[in-house]
Structures are given as C-alpha cells and as structure tokens.
Amino acid sequence: MTRAAVLLAVVAATLALAAWWRARNGRVRRPGARTAPLALLGHEPGPPTLVQFTGPDCAQCEVAAGVLEDVAGHLGGVRVLTVDAAERLEVAEALGVWRVPTVLVVDRSGAETARAGGVPRRGELLAALEGASR
Amino acid sequence: VSAAGSPAGQVAGRLPQVDVRGPRFAAAVTALVIAVAFLLRAPWLVAVQALVFTVGAAAGLRAAPYGVLFRLVRDLAKLGPPRRTEPEAPPRFSQFMGAVMLAAALVAFAAGQATVAWVLALLAFAAALLNATTGFCVGCELFLLGQRLRRRPA
C-alpha cells in the first residue's frame, strides 16, 4: 500500500515535470540578455537572420531546420545560419546556449531579439522574425 | 528501432538511424518493469532491467531486447514503416546511463541499502516515464553539457 503511494507520487511528479517541459519546449521568447550573435560568429549584420545551433546526432535539429526553412521561405530575404555547437563551443557558451536545437532571431542591427530552445513553434517564430525584419 | 535493411534504417553515408517509436516504446516497457520490481520488492527484476540496459548500450538498439520486442509488436499490430528516424547515439547513451544507475542500485542491494537502491531505481523509472510520455531524452539534453565539461580545463 505504502509502496503504491510512493510510486503514484513519483508518477505524479514526473508527469508534472513532463507537462512543464512540454509547455516550455519550442516557445519563442525574449532573450534574457541582448547579445550580438553575428559578431561572435564573424558575420556582418544585414538581413534579419535565424541562427540555429545544432549538434552531432541531434534528431530534433533536423526537424527545427525544416521549420526554419519554411518560415524563412514564407517571409523572404531572411538569412539562415547553422552553427555546430560542439565545434563552436565557446560561442555557444558566450550566448548561453545550453541545448540543441536552439534558434536565435537576429535583427538588422545584429542584435538577438528572440530565442527558442527545442523545435521552435512555427507561428511564434514567424511573428518574432517579422518583428526583427522591421 | 527500425528493421535492418529497411530504407529508413540506414541513410547513405550517415550514422545509424532508428525508428523514433522504438526508444519511446522501450522507455514505456522499462518504466513498467521497474514499477513492477518496486511494487513486488523484486531486486532480481531490477537486475533483469540492468541487463537489458547493458545489452542496449553495448550491442546497440537493434540488438536491445525491447528493440526486438518493438519490432515484433510493430509487425503484429501492422504499425507500418517509421514516419521518422533519429540517430541511434543519443538514445543509446541513455541506455548506458540507465545501466550505470541500475548497476549502482544493485550494488546498494548487495550492501544491504535497500532504500538507497530503490531511490536509484525510481530515478531511472522517472527518466524512462518522462521519455515515454514526452520524447524527452536525458542523454540528448546532456550531450552539449558533456561536451562543455570535457573541453573545460579543470
């Protein structure tokens, strides 16, 4: 009886964690700090840019790349940069990228205006990119 | 864990791929096995699961017992070919982490520390349940962190 209660408590805690993770995963949000990703990556500012951090063996990165391609194609005039986080670890660290995929939205001045951890939600990414295009 | 020889099983020039449903299925079975072990106070069942993790980590997901079971269920239930595949390495790394955790649990059982052992087993249970319900893969999320720690001088 007690063991069943313990097991139920663990299940409840795990499912709560799962719900929290699901609600958070892929959300496109304002960055905690305004960073300048392009300067760190050695690119000039210019068109609105999506920077995707990928890693080796990252299945979700391929899904994210599909969303980026779709959104960039929809809007037009968008630059998409893909960065291997394992190769550019110091850049990932400087930008506070902790997981792959992570997608950054960068405006014309080269400043980060939004980011998403996980496969970004299409509608939210499109809205953020439209904001960065202005 | 897609069948060898299926077109999705191996993309030319790329790392081994598995059916995305395979690891989710395996995680669900894993959670069930550990839950039953806990309810029945059966350390031997924890040992069975530890062995399953070890085979998956050492021989790959295609040879892993729950991978074989998944293919059987897939064929019996006519689930059809995979919608998507994913690289094998991250879920295989998770099998390794599971093996380490349950090996530690078995050491605790042997040392008479049953409570410690069950806490370790329930942590593995929680990780498996999280994976089965959300696709969240602890091994995948920890990959970058691992790279970071490896590169950083002590």
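1. Read along its sequence, chain B follows the pattern β-α-α-α-β-α-α-α. That gives six helices and two strands, where helices (H or I, at least four residues) and strands (E, at least two) are DSSP runs numbered from the N terminus.

2. Some conventions apply throughout. This is a predicted model, in which local features need pLDDT of at least 70, side-chain atom pairs count only at pLDDT 80 or more, and totals for chains, interfaces and linings use all residues. Residues are numbered from 1 along each chain as its sequence is written, chains are lettered from A and ligands numbered from 1 in the order in which they are written, and side-chain values use heavy atoms, with hydrogens and water left out.

3. Chain B has 154 residues, of which 45% count as buried. Buried means under 20% relative accessible area, exposed means over 50%, and partly exposed lies in between (1.4 Å probe, protein chains only). Among the contacts in chain B with a separation of 6 or more, 72% are accounted for by residues 24 or more positions apart; a contact means heavy atoms within 4.5 Å.

4. The accessible surface of chain B comes to about 7,700 Å², and 71% of it belongs to carbon and sulfur atoms. Such areas come from the Shrake-Rupley method with a 1.4 Å probe; for residues, only the protein chains shown count as cover. Leu69(B), Leu72(B), Val73(B), Leu76(B) and Leu79(B) make a nonpolar surface patch of about 460 Å². Patches are made of residues with over 30% relative accessible area and no salt bridge, with like charges joined within 9 Å and nonpolar side chains (Val, Leu, Ile, Met, Phe, Trp, Tyr) within 5 Å. Leu69(B) is found in helix 3 (residues 65-76) of chain B and is partly exposed, with a relative accessible area of 35%.

5. The elements of chain B that give two or more residues to the side touching chain A are helix 1 (21-39), strand 2 (85-87), helix 4 (89-110), helix 5 (114-134) and helix 6 (138-151). The largest share of that side, eight residues, comes from helix 5 of chain B. The contact takes 28 residues from chain B and 29 residues from chain A.

6. Between chain B and chain A the count is zero salt bridges, whereas eight are found over all chains in the whole structure. A salt bridge is a side-chain nitrogen of Lys or Arg within 4 Å of a carboxyl oxygen of Asp or Glu. One of them is formed by Arg88(A) with Glu90(A), whose closest N and O atoms are 3.5 Å apart. Arg88(A) counts as partly exposed at 30% relative accessibility, and Glu90(A) is partly exposed at 46%.

7. In chain B, Asp19(B) forms a salt bridge with Arg74(B), the closest N and O atoms being 3.9 Å apart. This pair links distant parts of the chain: Asp19(B) lies in strand 1 (residues 17-19) and Arg74(B) in helix 3, 55 residues apart. Both Asp19(B) and Arg74(B) are buried. Arg74(B) also meets Asp75(B) in a salt bridge (3.5 Å, N to O). Through shared partners, salt bridges join Asp19(B), Arg21(B), Arg74(B) and Asp75(B) into one network.
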